[in-house]
Amino acid sequence: MSKRQFSEISAGIGANEAISAIIKHAEDLLKAACDLKREIASGKQPESRNAGCISRISKDLLPAVTYFADSSPAQQTVSSNKAPKLDESLRLPTPTVLTAWTPSDTSSMLPPLPSINDPVLDKAAFTHSGMVSGPSDMSYERLEWVGDAYLEMFATMFIYQTFPKLPAGRCSQYPGKTHRISPEFDFGSSNGQGAKAKTHKKVLGDIFEAYVAAVILGDPDLGLVRASSWMKALWGKELAKEIKTEYNSRQQSQQAAIQAGTNNPTSLPAPISQDIHPKTMLIKTIGTKGVRIYYVDENETVDKKLKQRKFTVGAYVDAWGESKVKLGTGTALSKTEAGAKAAQNALENKKLMKKYEQKKQEWEEAMRAQLQYD
């Protein structure tokens, strides 16, 4: 058969298809060949069934065998989608990589999509497990698992360093807000791969996580830095309001520290946060014997943007002949934080606090006078 005929037979077949065909027929071909060998060794006339089986399998394998006979080793591996050999350990970011957000990280524009340097991982990041050509080929499932772990670590470190006064419970809600953008990210807006990613949001979220892993694993030197910088900008866009508020709060604290003549700005608490919990401060301010301060759940809604529940809690007091007097209200993503905000709201009502502080003082003076009389 001529070279031209070989090329025509193998036209349209690639390395993946050729390997899959050989694997598919290998067991049947080996069995038929062994049966034929035993028949010849025993002096029997070979059965036409075994010979026919070998002939049929050979015809099925002809395109695959021709492909490998007619192509160079480089051509045989160029379209491979097998898992590449990676380092035995995953890369961990250094503290210099995951630094705090600043207002410069809150651009309204989407950051450019980082490229995947490894062509095998690039293909795998957009390949569903049901679409792989062979058992050794890659899909995005394992990449998604790795990418999810990296995203959780990125979000945790960014939040931890940016919001030092944020309660732990509130910190745990921020990753939900950051991860919310993943299924909504449009690959097509950055690198023209929108056609690949136009699918169900759940699947698109999986692809997003796989893409992050592919960027990191496909570039041993700079992949981690490129992926974390990209996510920092992407999340910074989503958390712009919170980042700017925190940044301004720190600036105000630093200004106050400078005016107070100290070189340690962090020694002053942020305006919203206090070293003493607001509920404790409220008790210290107006609490005394016979005064009951309590908190009531007043409302529960769903934040449409965050897709999380929001709670409204009211702070009330029963004291000095008055009952169910509302001191303040707070709304937050947890009842604990909402209660703290309600107490803070009460403390900021200077007129009301002055009234009850005076009543507290008068009552305590009357009690001391009564003790002295007795």
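The side chain of Asp-318 reaches the backbone nitrogen of Lys-324 at 2.6 Å, a polar contact being a pair of N or O atoms within 3.5 Å, where within protein one must be able to donate a hydrogen and the other to accept it, and residues adjacent in sequence count only if both atoms are side-chain atoms. The model is predicted: local features need pLDDT of at least 70, side-chain atom pairs count only at pLDDT 80 or more, and totals for chains, interfaces and linings use all residues. Residues are numbered from 1 along each chain as its sequence is written, and side-chain values use heavy atoms, leaving out hydrogens and water.

- Asp-318 belongs to strand β2 (residues 308–319); strands (E, at least two residues) and helices (H or I, at least four) are DSSP runs numbered from the N terminus.
- Asp-318 counts as buried because its relative accessibility is 19%, the cut-off for buried being under 20% relative accessible area (1.4 Å probe, protein chains only).
- The side chains of Asp-318 and Tyr-294 are joined by a polar contact of 3.2 Å.
- Beyond neighbours within four places in sequence, Asp-318 is in contact (heavy atoms within 4.5 Å) with residues including Gly-290, Val-291, Arg-292 and Ser-323.

Conventions
Buried < 20%, exposed > 50% of the residue type's maximum accessible area, 1.4 Å probe, protein only.
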